[in-house]
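These are my notebook entries on one protein model. I record what I looked up and in what order.

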Amino acid sequence: MSDIVEQLAAVRIVPVLTASDADEAEHACQALLAGGLSAVEITFRTDAAAEAIRRVSAIDGLLVGAGTVLSPGQLARALDAGARFAVAPGTNDVVVEAARSAGVLFVPGVATPSEIERARAIGCLVLKLFPASVVGGLAFLKAVAPVYPDVRFVPTGGVNPENLASYLGLPSVLACGGTWICERRLLDERRFDEVEQRAREAVELAAVAA
């Protein structure tokens, strides 16, 4: 699992993609790579998720994770399709244990110090702060990170080009998740050129924060 954490630390930005079908996912992920981003989180919010993961996992150089993983069954489907890591909006002990048994990195969601402590207690040290902007965002992380120096965060929810560099500038932040790069409107309009451009701009912002 440490190699996946290292890859996420290197990529720094994980676009969150909710795909309506596998073709859409493949085109979007090709655009992400062309724009310089080599990781993606495909959410289990549609019936197309598993097939989308299977399709894009075949793209050379792309680290593929599954998002919104709420059950061991979803986790199993994601891993069978080729996902290398999994993410959830909250912390479910059963899913955490299933991921541990499978030997895969699982990033559970937290929103309070108590939830951070609970996640730490069951062995999770890479945590998704969600929904980041609603629970305090940058101010929250600056307040809690010194208390939990062994935890790395992946803020998601309200991360955008205006605050991306500020998030990535925090030592406690491993990477940022965000939906703006693969915005639903762009996918519906098949504006994969715009997805590529947004990916490129995100990479430039991350370089500023390095």
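Entry 1. How many of the five residues of strand 1 (residues 13-17) are buried? I found that five of the five are buried, so strand 1 is largely enclosed by the rest of the structure. Before going on, I note that the model is predicted: local features need pLDDT of at least 70, side-chain atom pairs count only at pLDDT 80 or more, and totals for chains, interfaces and linings use all residues. I also note that residues are numbered from 1 along each chain as its sequence is written, and that side-chain values use heavy atoms, with hydrogens and water left out.

Buried means under 20% relative accessible area, exposed over 50%, and partly exposed in between, with a 1.4 Å probe and protein chains only. Helices (H or I, at least four residues) and strands (E, at least two) are DSSP runs, numbered from the N terminus.

Entry 2. I looked up the directions of the side chains in strand 1. Ile 13, Pro 15 and Leu 17 point one way, Val 14 and Val 16 point the other way, and all are buried. In a regular strand the side chains alternate between the two faces of the sheet.

Entry 3. Six strands form an open sheet with parallel pairing, in the order 5-4-3-2-1-9. Strand 5 (105-107) and strand 9 are the edge strands, and each pairs on one side only. Two strands pair if DSSP finds at least two bridges between them. On average, neighbouring strands of this sheet are turned by 25 degrees against each other, direction ignored.

Entry 4. I followed the bridges across this sheet.
- Strand 1 is joined to strand 9 (residues 176-178) by three bridges, and the two run parallel. Here Pro 15 stands opposite Gly 178.
- Two bridges join strand 1 to strand 2 (residues 39-43), again in parallel. Val 16 has Glu 41 of strand 2 as its bridge partner.
- Strand 2 is joined to strand 3 (residues 63-67) by five bridges, and these strands run parallel. Glu 41 stands opposite Gly 65 in strand 3, and Ile 42 has Ala 66 as its bridge partner.

Entry 5. Is strand 3 enclosed or open? Five of the five residues of strand 3 are buried, so it is largely enclosed by the rest of the structure. Leu 63, Gly 65 and Gly 67 point one way, whereas Val 64 and Ala 66 point the other way.

Entry 6. I looked at Leu 62, in the loop between helix 3 (49-56) and strand 3. Leu 62 counts as buried, at 10% relative accessibility. Leaving out residues up to four places away in sequence, Leu 62 touches Cys 29, Leu 33, Leu 37, Ser 38, Ala 39, Val 40 and Val 56. Contact means heavy atoms within 4.5 Å. Leu 62 and Leu 33 are 29 residues apart in sequence, and their C-alpha atoms are 7.4 Å apart in space.

Entry 7. Four bridges join strand 7 (residues 126-129) to strand 8, and Lys 128 has Val 154 of strand 8 as its bridge partner.

Entry 8. Val 126 is found in strand 7, and at 10% relative accessibility it counts as buried. Among the residues that Val 126 touches, beyond four places away in sequence, are Val 5, Phe 106, Arg 152 and Leu 174.

Entry 9. Where is Asn 163? Asn 163 is in the loop between strand 8 (152-155) and helix 9 (164-168), and it counts as buried at 16% relative accessibility. A polar atom of its side chain lies 3.1 Å from the backbone oxygen of Gly 158. The side chain of Asn 163 also reaches the backbone nitrogen of Asn 160 at 2.8 Å.

Methods: A polar contact is a pair of N or O atoms within 3.5 Å; within protein, one must be able to donate a hydrogen and the other to accept it, and residues adjacent in sequence count only if both atoms are side-chain atoms. Axes are lines fitted to C-alpha atoms, for helices over the stretch in contact, and angles run from 0 to 180 degrees between N-to-C directions.
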